[in-house]
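I record here what I looked up, in the order in which I looked it up.

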Amino acid sequence: MLDSQITYPKKIIILGGGTAGWMTAALLSKKWSSKGTCISLIESETIGTVGVGEGSTPKMRKFFDSLNISEKKWMPECNATYKCGIRFPNWSTRSGYESYYHPFFSQHDDSTVRAFFQNTTLRSRNFNVYAHPDAFFISNFLAKKKFAPLPHSSTSYSTDYAYHFDASLIGAYLNQFSQAEGVKRIIDTVTRVNQNCTGDIVSVQTIDHGILEGDFFIDCTGFAGVLINKTLNVPFIPYTDSLFNDSAVAIPTPLEAEEGLPSETISKAMKHGWAWKIPLTNRFGNGYVYSSQFTDKDDAELELRSHLGIDNDNVEARHLKMRVGRTELCWARNCLAVGLSQGFIEPLEATALMVVQETVELFMDTYTSVGNTEKARQSVNEKINLIFDGIRNYVQMHYKLNTRSDTPYWIENRQNKNLSEDMQSILNVWDKGGDLLGELREQSSRLVYSPTSWYCILAGMGRFPSRPKKPKPKMQHYSAEEASSYCKSMMSHFGDHKETLNKK
Ligand SMILES: Cc1cc2nc3c(=O)[nH]c(=O)nc-3n(C[C@H](O)[C@H](O)[C@H](O)COP(=O)(O)OP(=O)(O)OC[C@H]3O[C@@H](n4cnc5c(N)ncnc54)[C@H](O)[C@@H]3O)c2cc1C
């Protein structure tokens, strides 16, 4: 469609000023302010933001690139650090597999990835080929050395990476950016939402600014879902039968200054969930994500404090409830739900802000090609729902593969029969030593995670087929030492994380 043929919304109201609201404001204003779209963002002073969400996926790099904001500008303002991947200690009790690392990939992993796939294909419980992913990925070695994933020479050794950042500082940064791009910030609380006779939203009633009208509305009100659920009555589909965690408690701790600055997230299994440890430039963000069916908030806080070695009460803990699942539709009528209002999968793979970005980008692309039509809404809803369900499947796999028996929480997670057909097929093929790559290719339109991620989680947890496989003639396995020494040889292209950040 020619630009002159596109009708952009005249007046967009974003309701909610958490990270989702300000990310949406930044993306929309950068592209649509110059097209005559007026964007207002209403945020309440009395209803707070969730205030957590400190890890990202590599997609976040594209977010800042598309806003033309360099790392040099935003990272220091948000106490941000680099993230090479996520380490998962204590999820498996199998000997040699007590911890594994989910890497972000580098083009230089190509040859070692092939060796890893080959070894996992040969590996069975009775044929002990080395098939733990940690030996095969450069980013694991970077994280172990507390290196930054930025090569000295940016051209020849590029590697994928993500970020850690302070959730409230990133909101504040994007708030300033968006206002400079023309977004009007209104501090007020919405008390009523008005619809016309067809059901479309026409305005919101606020306490101090009266009635504010718009022709398109974005619901960024967090778990409250003020527009999408409470006004438009779009049903919420809970994932509680597949993901048990519904609560979290967060406590920051000081950096261990003498030990260097880590460049990975640690997601360590606990008694009734898992604890995150996220390094920022000024502190660690820590939290325990757990299921309230299996423990209560006081015990969870005690367990987290003991895990962190903080037994005094001077450091305050923040308790949060999580609504885990997704709305049936994120785009209904003249309203798009973005962020926690559209859904949330617990933060194990730090995917929430990636979905925010994906949703807004997809919405803008679709709107500018077909407008606010049934076809547009259907296409966006189908794609976003697939992303949610795909992430849920991968996250659930962590719980399904656990081998802990210390609490009913872990046993019930492992025994949980509420698995999607896709996940069931992946497990069946893997357990029988079948063609996993073929199965993943068949599912590719529904998968969010790459085959490498699936191989990493299955092999990393130490789950292998029980029956020995006969190696095909000429099918050789690769030595872990060879793969490791290749990865180690790449370290000379990278440097210390803290020093790299200080140079920025
Ligand atoms: C424990 C936990 C850990 C997480 N970790 C990660 C992570 O590592 N990585 C990641 O990507 N994500 C993570 N997330 C998710 C991430 O925090 C959220 O996706 C992100 O903060 C966006 O939240 P939000 O803006 O949708 O909602 P909120 O932060 O809840 O903001 C809601 C906004 O709506 C406003 N509002 C609500 N009602 C009204 C009203 N009636 N009138 C006016 N304003 C109103 C509020 O004032 C507020 O500004 C985590 C979430 C939790 C719970």
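At roughly what angle do the axes of helix α9 and helix α11 cross, and within what distance do they come? I found that the axes of α9 (residues 374-400) and α11 (residues 421-431) cross at roughly 50 degrees and come within 10 Å. That makes α9 oblique to α11.

**Basis of the entries.** I worked from a predicted model, in which local features need pLDDT of at least 70, side-chain atom pairs count only at pLDDT 80 or more, and totals for chains, interfaces and linings use all residues. Residues are numbered from 1 along each chain as its sequence is written, and side-chain values use heavy atoms, with hydrogens and water left out.

**Terms.** I took helices (H or I, at least four residues) and strands (E, at least two) as DSSP runs, numbered from the N terminus. Axes are lines fitted to C-alpha atoms, for helices over the stretch in contact, and angles run from 0 to 180 degrees between N-to-C directions. Angles under 35 degrees count as roughly parallel, over 145 as roughly antiparallel, 65 to 115 as roughly perpendicular and the rest as oblique.

**Entry: α9 and α11.** The contact (heavy atoms within 4.5 Å) is made by N393, Q396, M397 and K400 of α9 and by D422, M423, I426 and L427 of α11. By class, I recorded 4 nonpolar, 2 polar and 2 charged residues in this contact. For these classes, Ala, Val, Leu, Ile, Met, Phe, Trp, Tyr, Cys and Pro count as nonpolar, Asp, Glu, Lys and Arg as charged, and the others, Gly among them, as polar.

**Entry: α8 and α9.** I then looked up α8 against α9: the two pack at an angle of about 160 degrees, with their axes 9 Å apart. That makes α8 roughly antiparallel to α9. The crossing of α8 past α9 is right-handed. From α8, the residues M354, V355, E358, T359, L362, F363, T366 and V370 meet K375, A376, S379, V380, K383, I384, I387, F388 and I391 in α9. I recorded 11 nonpolar, 3 polar and 3 charged residues for this contact.

**Entry: α4 and α13.** The axes of α4 (residues 110-122) and α13 (residues 451-460) come within 11 Å and cross at roughly 50 degrees. That makes α4 oblique to α13. I noted the crossing of α4 and α13 as left-handed. V113, F116, F117 and T120 in α4 meet P451, T452, Y455, C456 and A459 in α13. This contact has 7 nonpolar, 2 polar and no charged residues.

**Entry: the sheet of 6 strands.** I traced an open sheet of 6 strands in the order β8-β2-β1-β12-β21-β20, with mixed pairing. Two strands pair if DSSP finds at least two bridges between them. The edge strands are β8 (184-187) and β20 (331-332), each pairing on one side only. Strand β1 (residues 11-15) runs parallel to strand β12 (residues 216-219), and 4 bridges join them. I found D219 in β12 as the bridge partner of L15. Helix α8 (residues 352-370) lies across β12, β20 and β21 (335-337), running at about 155 degrees to β21.

**Entry: the sheet of 3 strands.** I also found an open sheet of 3 strands, ordered β9-β10-β11, with antiparallel pairing. β9 (190-195) and β11 (211-213) stand at the edges with a single partner strand each, so one side of each is left without a neighbour in the sheet. Neighbouring strands of this sheet are turned by 25 degrees against each other on average, direction ignored. I counted 5 bridges between β9 and β10 (residues 201-206). V193 stands opposite V204 in β10.

**Entry: L150.** I located L150 in strand β6 (residues 147-151). Leaving out residues up to four places away in sequence, L150 touches E71, Y82, Y161, H493, F494, T500 and K504. L150 and P451 are 301 residues apart in sequence and 25 Å apart in space, C-alpha to C-alpha.

**Entry: domains.** The chain is divided into domain 1 (3-54 + 166-239 + 323-391), domain 2 (82-157 + 420-495) and domain 3 (247-321); the bounds come from an automatic or database domain assignment. I noted that 37 Å separate the centres of domain 1 and domain 2, taken over C-alpha atoms. Their contact takes 9 residues from domain 1 and 9 residues from domain 2.

How values were computed. A crossing is left-handed if the near helix is turned anticlockwise from the far one by less than a right angle, and right-handed if clockwise.
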